[in-house]
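Have a look at the sequence and the fold, then read on.

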Amino acid sequence: MTQPAAAPTVQRVDAKHRYEILVDDKTAGLTAYRDRDDQRVFYHTEVDDAFAGQGLASILVQQALTDVRSSGKRIVPVCPYVAKFLKKHEEFADITDPVTPEILKWLDTVHQH
């Protein structure tokens with residue numbers, strides 16, 4: 001019998017402004033954010049190719065958004081993946097704010113690519 005893979009865990013890494021999803025203690029993916037007042041602006045989500053196809057991105061985003069709710073913040077889904085996730089998961093609609101040109105401009109200043 002092979003050991004079943006450990007359930008993935010999600011952790012918030014404030015120093016890096018991101019949530020990471022770990023599988024067997026390896027970082028398998030991340031969703032990056034910046035905080036703007038009471039808004040948590042998500043701008044990028046990625047899962048390592050080695051872990052693709054396991055549904056990790058949705059676990060990661062679901063747990064990240066649940067954490068945003070428990071932190072009393074609001075979600076701004078600049079990241080297309082997060083935006084798509086929110087369309088399917090209306091339970092977060094009440095804490096989701098629209099992406100505005102002002103937010104995109106602000107994101108550019110805090111996060112020079």
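This is a predicted model: local features need pLDDT of at least 70, side-chain atom pairs count only at pLDDT 80 or more; totals for chains, interfaces and linings use all residues.

**The overall picture**

- You're looking at 3 helices and 5 strands, where helices (H or I, at least four residues) and strands (E, at least two) are DSSP runs numbered from the N terminus.
- Going along the sequence, the order is β-β-β-β-α-β-α-α.
- The chain is as compact as a globular protein of its length, because its radius of gyration of 14 Å is close to the 13 Å that the globule rule gives for 113 residues. That radius is taken over C-alpha atoms, and the rule is 2.2 Å times the number of residues to the power 0.38.
- Along its principal axes, the C-alpha trace spans about 55 × 30 × 25 Å.

**Surface, contacts and charge**

- Of the 113 residues, 37% count as buried; buried means under 20% relative accessible area, exposed means over 50%, and partly exposed is in between (1.4 Å probe, protein chains only).
- Take the contacts (heavy atoms within 4.5 Å) with a separation of 6 or more: residues 24 or more positions apart account for 44% of them.
- There are 14 positive and 17 negative side chains, and the centres of the two sets lie 2 Å apart. Lys and Arg count as positive and Asp and Glu as negative, with His and the chain ends not counted. Each charge is placed at NZ of Lys, CZ of Arg, CG of Asp or CD of Glu.

- Strand β2 (residues 18-23) is mostly covered, with 5 of its 6 residues buried.
- On one side of the pairing story, strand β1 (residues 9-13) and β2 run antiparallel over 5 bridges; strands count as paired if DSSP finds at least two bridges between them.
- Two bridge partners to look up in β2 are L22 for T9 and E20 for Q11.
- β2 is also joined to strand β3 (residues 26-36) by 6 bridges, again antiparallel. Here I21 has G29 as its bridge partner in β3.
- If you're following side chains along these strands, keep in mind that in a regular strand they alternate between the two faces of the sheet.

**The turns**

- The β1 and β2 hairpin has 4 residues between the strands, and H17 takes a positive phi near 55° there.
- D14 sits in the loop between β1 and β2. It is partly exposed, at a relative accessible area of 44%.
- D14 and Y33 are 19 residues apart along the chain, and their C-alpha atoms are separated by 9.5 Å.
- The β2 and β3 hairpin has 2 residues between its strands.
- D24, in the loop between β2 and β3, has a positive phi of about 50° although it is not a glycine. D24 is partly exposed, with a relative accessible area of 42%.
- D25 is found in the loop between β2 and β3 too, and its phi is near 65°, a positive value in a residue other than glycine. D25 counts as exposed, at 74% relative accessible area.

- Is R36 buried or exposed? R36 is buried, because its relative accessible area is 17%.
- Not counting residues up to four places away in sequence, R36 touches V41, E102, I103 and W106.
- R74 lies in strand β5 (residues 74-77) and is partly exposed, with a relative accessible area of 24%.
- Leaving aside neighbours within four places in sequence, R74 is in contact with D38, Q39, R40, V68, D94, I95, T96 and D97.
- R74 and T9 are 65 residues apart along the chain, and their C-alpha atoms are separated by 22 Å.

Technical notes: Residues are numbered from 1 along each chain as its sequence is written. Side-chain values use heavy atoms; hydrogens and water are left out.
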